[in-house]
Protein chains: 2
Amino acid sequence: MRVGELSRRSGVSVASIKYYLREGLLPPGERTSPNQAAYGEAHVHRLRMVRALIDVGGLSVAATRAVLAAVDDPDVPLYVALGRASSTTTAPDDPADVADEAWAAAERTLAAAVDAHGWAVSAENPAWHTAVGVLATYARLGDDDLSAQLGLYMQVMEEVARREVAVVVDRSDRARTVEGVVVGTVLGDTLLAAVRRLAQQHCSLELLGETPIRPRG
Amino acid sequence: MRVGELSRRSGVSVASIKYYLREGLLPPGERTSPNQAAYGEAHVHRLRMVRALIDVGGLSVAATRAVLAAVDDPDVPLYVALGRASSTTTAPDDPADVADEAWAAAERTLAAAVDAHGWAVSAENPAWHTAVGVLATYARLGDDDLSAQLGLYMQVMEEVARREVAVVVDRSDRARTVEGVVVGTVLGDTLLAAVRRLAQQHCSLELLGETPIRPRG
């Protein structure tokens, strides 16, 4: 199909399709003349994924590219791609941030929690860096609640991950498996965050006897 | 203090400080001459919050403004601000998206799950719209795993929210309470997502006997 039909079928504007082609999020079509290319069903599907990751998952174009690289290339370790597939920046912090005492303390806190839960995780998982960064930032703001919640977060996320990995194990097709993992992980973040806010509203009513959540002044 | 010292104290560049002033994320200093203003400790603290929300929480400038509005104005319902304080867009979808069958089915799925858990949540909570949007997007991609996980997500997030609301109830100072809620919620999203990826790596090793997570081809 031509780009116009690809746009109609996927619901993505021609301008956006051209942008995604330039950014490498969408593989080029088959060139049929100097000014025209033909696209197939795989392009329709890929465009839907790109929009889901960007619009619903909140990923940047760069993070989306990293995620799609894992889908396309079996040699990219999936856990590395998943660690990068986050709506928040996981770029290395300012060296000054990393060097301070809050950072070192956060790293000790996370290492102790991981040991206590008996988790086998590797330091090159980008999520390690992200988790330390959040704990350090929160401590710098003069608060320590998140460190106190860390054990609970680990306990509930182990439950969630065990179920999610079990679903993946059942799939036989590699491409579909990887796609399911990355899209499910990224969209799952957004769903978990939304469900957390609904739960906060419910628990606020339950514990404070008021709605909406509004701390007493 | 002058803007130069504010920059040094907060670790935020003068250019960024001026940008945040223009965008209304930072209240103006006290004007001491036509070209100079004086800033106080509250500005240092606010700048640290802004950077935590944007850099670590992944919020946009617009979302950060909405969050800070809740901190500053007791009349903004906190649950509405929290629903908006998300690193993913919660702007109303294209009317065509909202009108389709996937959207209606997702809304029925969420409503049934909320009823089953006995949650008291209101439809004007922006997180409701976000959750429906994620479920509908995932269904449109031809998958239904997230709907299957919804019950588990609700169960674990109720546990998390109950603990988090209990921490908030213990605080007596309103400004500190609201600040703790919004920053803890936004940074908690990032921490939960990072912990989820570490848990995926651990469970993948445990269930698949391999590391890194790499589905069999």
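Let me start with one atom pair: a polar atom in the side chain of His43(A) sits 3.0 Å from the backbone oxygen of Pro27(A). Keep in mind that this is a predicted model.

Where does His43(A) belong in chain A? The residue is part of helix 3, which covers residues 41–56. Next, is His43(A) buried or exposed? Its relative accessibility is 11%, and buried means under 20%, so His43(A) counts as buried.

Now the surroundings. Leaving aside residues up to four places away in sequence, His43(A) touches Leu6(A), Leu26(A), Pro27(A), Pro28(A) and Gly29(A).

Let me move to chain B. Here strand 1, residues 30–33, and strand 2, residues 36–38, run antiparallel. How many bridges join these strands? There are three. For one position across the pair, look at Glu30(B), which stands opposite Ala38(B) in strand 2.

Last, the cysteines. Cys203(A) has a relative accessible area of 0%, which means that it is buried. In chain B, Cys203(B) also counts as buried, because its relative accessibility is 0%. And how many disulfides are there over all chains? With a disulfide taken as a pair of cysteine sulfur atoms within 2.5 Å, the count is zero.

Notes
Residues are numbered from 1 along each chain as its sequence is written. Chains are lettered from A and ligands numbered from 1 in the order in which they are written. This is a predicted model: local features need pLDDT of at least 70, side-chain atom pairs count only at pLDDT 80 or more; totals for chains, interfaces and linings use all residues. Side-chain values use heavy atoms; hydrogens and water are left out. Helices (H or I, at least four residues) and strands (E, at least two) are DSSP runs, numbered from the N terminus. Buried means under 20% relative accessible area, exposed over 50%, partly exposed in between (1.4 Å probe, protein chains only). A polar contact is a pair of N or O atoms within 3.5 Å; within protein, one must be able to donate a hydrogen and the other to accept it, and residues adjacent in sequence count only if both atoms are side-chain atoms. Contact means heavy atoms within 4.5 Å. Two strands pair if DSSP finds at least two bridges between them.
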